[in-house]
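Have the picture open beside you and follow along.

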Amino acid sequence: MSHIVIAIPNEVPRKYPLPDTFTYREQQTIKIHTGLRPIEYEDALNSGDPDIVIALAVICAARAGHNITYDQLLDLEIGAITAEGDDADPTPAAGADDAVEAATIPADGGTLALPVSTD
């Protein structure tokens, strides 16, 4: 898993990179909302614990400069926050051309690069 995708109703889904490491404050945020210690994160993610997913989503959004709160995410439907790995699915599902792709948010919260030159 390398990205968290947050799909808030009436907004374009946003894709945030997952950090390789956390600050003490971020680990405290996870501990407050989940009760988990760092060694327990992977098991919680693999078991589908919604608290760790929401805590990671808040942290990833904050790193990108977006103020999305834990309480806002609690009100989303199950499945609105997903985790994605680096590997793309080589066989997209039928109708995938109609799907909206999530915009990847730079880790520093900066502006996305344009696909064409502005020169």
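The protein chain averages a pLDDT of 81 in this predicted model, and 71% of the residues score at least 70. If pLDDT is new to you, it's the predictor's confidence in each residue, from 0 to 100. Residues 89–96 have a pLDDT below 50, and beyond near neighbours in sequence this stretch has zero contacts in the model. A contact here means heavy atoms within 4.5 Å. Where pLDDT is low, the predicted coordinates should not be read in detail.

Some housekeeping: residues are numbered from 1 along each chain as its sequence is written. Since this is a predicted model, local features need pLDDT of at least 70 and side-chain atom pairs count only at pLDDT 80 or more, while totals for chains, interfaces and linings use all residues, and side-chain values use heavy atoms, with hydrogens and water left out.

**The overall layout**

You'll find four helices and four strands in the protein chain. Starting at the N terminus, the order of elements is β-β-α-α-α-α-β-β. Helices (H or I, at least four residues) and strands (E, at least two) are DSSP runs, numbered from the N terminus. Of the 119 residues in the protein chain, 29% are buried. Buried means under 20% relative accessible area, exposed means over 50%, and partly exposed is in between (1.4 Å probe, protein chains only). Now take the contacts between residues at least 6 apart in sequence: 60% of them join residues at least 24 apart.

**Two helices side by side**

Two packed helices are described by the angle between their axes and the distance between the axes. So how do helix α1 and helix α3 cross? The axes of α1 (residues 24–34) and α3 (residues 50–63) come within 9 Å and cross at roughly 150°. That makes α1 roughly antiparallel to α3. For angles, under 35 degrees counts as roughly parallel, over 145 as roughly antiparallel, 65 to 115 as roughly perpendicular and the rest as oblique. The axes themselves are lines fitted to C-alpha atoms, for helices over the stretch in contact, and angles run from 0 to 180 degrees between N-to-C directions.

Which residues do the touching? On the α1 side, they are Glu 26, Ile 30, His 33 and Thr 34, and they meet Asp 51, Ile 52, Ala 55, Leu 56, Ile 59 and Arg 63 in α3. Sorted by class, this contact has five nonpolar, two polar and three charged residues. (Ala, Val, Leu, Ile, Met, Phe, Trp, Tyr, Cys and Pro count as nonpolar, Asp, Glu, Lys and Arg as charged, and the others, Gly among them, as polar.)

Thr 29 also sits in α1, and is partly exposed at a relative accessible area of 22%.

**Pairs to look up**

| Pair | Apart in sequence | C-alpha to C-alpha |
|---|---|---|
| Pro 13 and Ala 80 | 67 residues | 8.9 Å |
| Thr 29 and Ile 59 | 30 residues | 8.3 Å |
| Asp 49 and Thr 34 | 15 residues | 8.9 Å |
| Ala 44 and Thr 34 | 10 residues | 9.4 Å |

**Around Ala 44**

Ala 44 has its place in helix α2 (residues 41–46). Is Ala 44 buried or exposed? Ala 44 is buried, with a relative accessible area of 6%. Leaving out residues up to four places away in sequence, Ala 44 touches Leu 36, Asp 49 and Ile 52. Asp 49 lies in the loop between α2 and α3, and its 22% relative accessibility counts as partly exposed.

**One loop, two residues**

Finally, hop to the loop between β1 (3–6) and β2 (14–17), where Pro 13 lies. Pro 13 counts as buried, at 18% relative accessibility. Asn 10 lies in the loop between β1 and β2 too, but counts as exposed at 83% relative accessibility. Phi of Asn 10 is near 65°, a positive value in a residue other than glycine.
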